[in-house]
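Trainee: I am new to this structure and would be grateful for a close look at a single part of it. Please take me through that part step by step.

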Amino acid sequence: MKRTERHHLKQDPLASWLGDLRESLGRRGNVAAAGGLVVVALVLVGLVFGWQQWRFSRASELFAAAMVIVEAPVAVEGEAADVPAAGYPSVMAKLKAAVPKLLEAAEAYPSLQSGIAARYQAAAALSTLGRTSEAGEQYDRVVELDANGVYGRMARLGRAEAYLSAGDYAQAIQVLEVESAATNADVPVDAVLMRLGRAYRLADQESQAVTTFTRVVDEFPTSSYRFDAERELATLDGR
């Protein structure tokens with residue numbers, strides 16, 4: 001086999017194996033057997049592909065079923081709280097019902113995109129329910145599984161929110177400072193700066209808070225957060 005051909009096949013492990021097998025059997029004069037084994041190998045490849053497609057489909061179904069609960073309506077006060085006809089009796093009730101389903105989807109297919117999305121949604125729901133420790137664990141897991149992806153970065157911001165809820169301002173500030181310096185545009189920097197400024201304020205680091213809110217006003221003049229930043233600055237100046 002030519003060197004260029006062998007180099008190309010090495011880039012694809014399956015193609016390389018098939019090429020070596022065909023070459024070996026061909027030298028023995030058993031071309032028919034080589035062709036038969038190639039067919040078997042191709043059938044196996046088809047089965048693997050089909051199995052992967054089934055996994056993607058199943059992961060999507062589990063995630064979608066859990067999100068039906070997350071997005072379910074909440075019953076209007078005074079109406080019967082039949083589920084799903086009138087909706088769940090409260091946001092907290094439906095999130096409590098959704099968490100097990102979301103975690104089921106996440107644990108069944110942890111590395112697939114639907115599984116990662118389900119885990120992120122579970123973490124957000126746990127945070128809203130006030131279960132900040134559990135939320136933090138799930139956010140950390142999302143970061144491990146999708147470190148450079150959109151969900152990974154959103155999970156880091158969620159982790160910062162969990163730290164803030166737990167009163168761990170130093171940890172929250174550390175996470176938000178890193179994220180505010182990131183160049184990736186998946187998460188708006190102005191939104192991160194607003195959270196960082198509020199974290200500084202909660203930690204009684206007023207000078208850092210003023211600097212951060214000023215950045216929002218000066219660097220993002222058309223941001224929807226500009227007026228919030230100006231109000232924060234007015235409050236801090238009035239202290």
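Mentor: A nonpolar core, as the term is used here, is a set of buried Ala, Val, Leu, Ile, Met, Phe, Trp, Tyr and Cys residues joined through side-chain atoms within 4.5 Å. Buried, in turn, means under 20% relative accessible area. The model is a predicted one. Its largest nonpolar core has 23 residues, and those with the most contacts inside it are Leu 176, Leu 196, Phe 213 and Ala 229. At least two residues of this core come from each of helix 7, helix 8 (169-180), helix 9 (189-202), helix 10 (206-219) and helix 11 (226-237). Helix 9 provides the largest share, seven residues. In soluble globular proteins, nonpolar side chains tend to be buried together.

Phe 213 deserves a look of its own. Leaving aside residues up to four places away in sequence, Phe 213 touches Met 194, Gly 197, Arg 198, Ala 229, Glu 232, Leu 233 and Leu 236. A second, separate core has 18 residues, among them Phe 63, Leu 102, Ala 105 and Ala 122.

Helix 5 has 16 residues and spans 23 Å from its first C-alpha to its last, close to the 22 Å expected at 1.5 Å a residue. Most of helix 5 is covered, with 12 of its 16 residues buried. After helix 5 comes Gly 130, with a positive phi near 85°.

Because Tyr 120 lies in helix 5 (residues 113-128) and Tyr 151 in helix 7 (residues 150-165), the pair ties together parts that are 31 residues apart in sequence. The two partners can also be described by their accessibility: Tyr 120 is buried, at a relative accessible area of 13%, whereas Tyr 151, at 22%, counts as partly exposed. Ring pairs link Tyr 120 and Tyr 151 with Tyr 139 into a cluster.

Terms used
Residues are numbered from 1 along each chain as its sequence is written. This is a predicted model: local features need pLDDT of at least 70, side-chain atom pairs count only at pLDDT 80 or more; totals for chains, interfaces and linings use all residues. Side-chain values use heavy atoms; hydrogens and water are left out. Helices (H or I, at least four residues) and strands (E, at least two) are DSSP runs, numbered from the N terminus. Buried means under 20% relative accessible area, exposed over 50%, partly exposed in between (1.4 Å probe, protein chains only). Rings of Phe, Tyr and Trp (its six-membered ring) pair if their centres lie within 6.5 Å; planes under 30 degrees apart count as stacked, over 60 as edge-to-face and the rest as tilted. Contact means heavy atoms within 4.5 Å. The expected span of a helix is 1.5 Å times one less than its number of residues.
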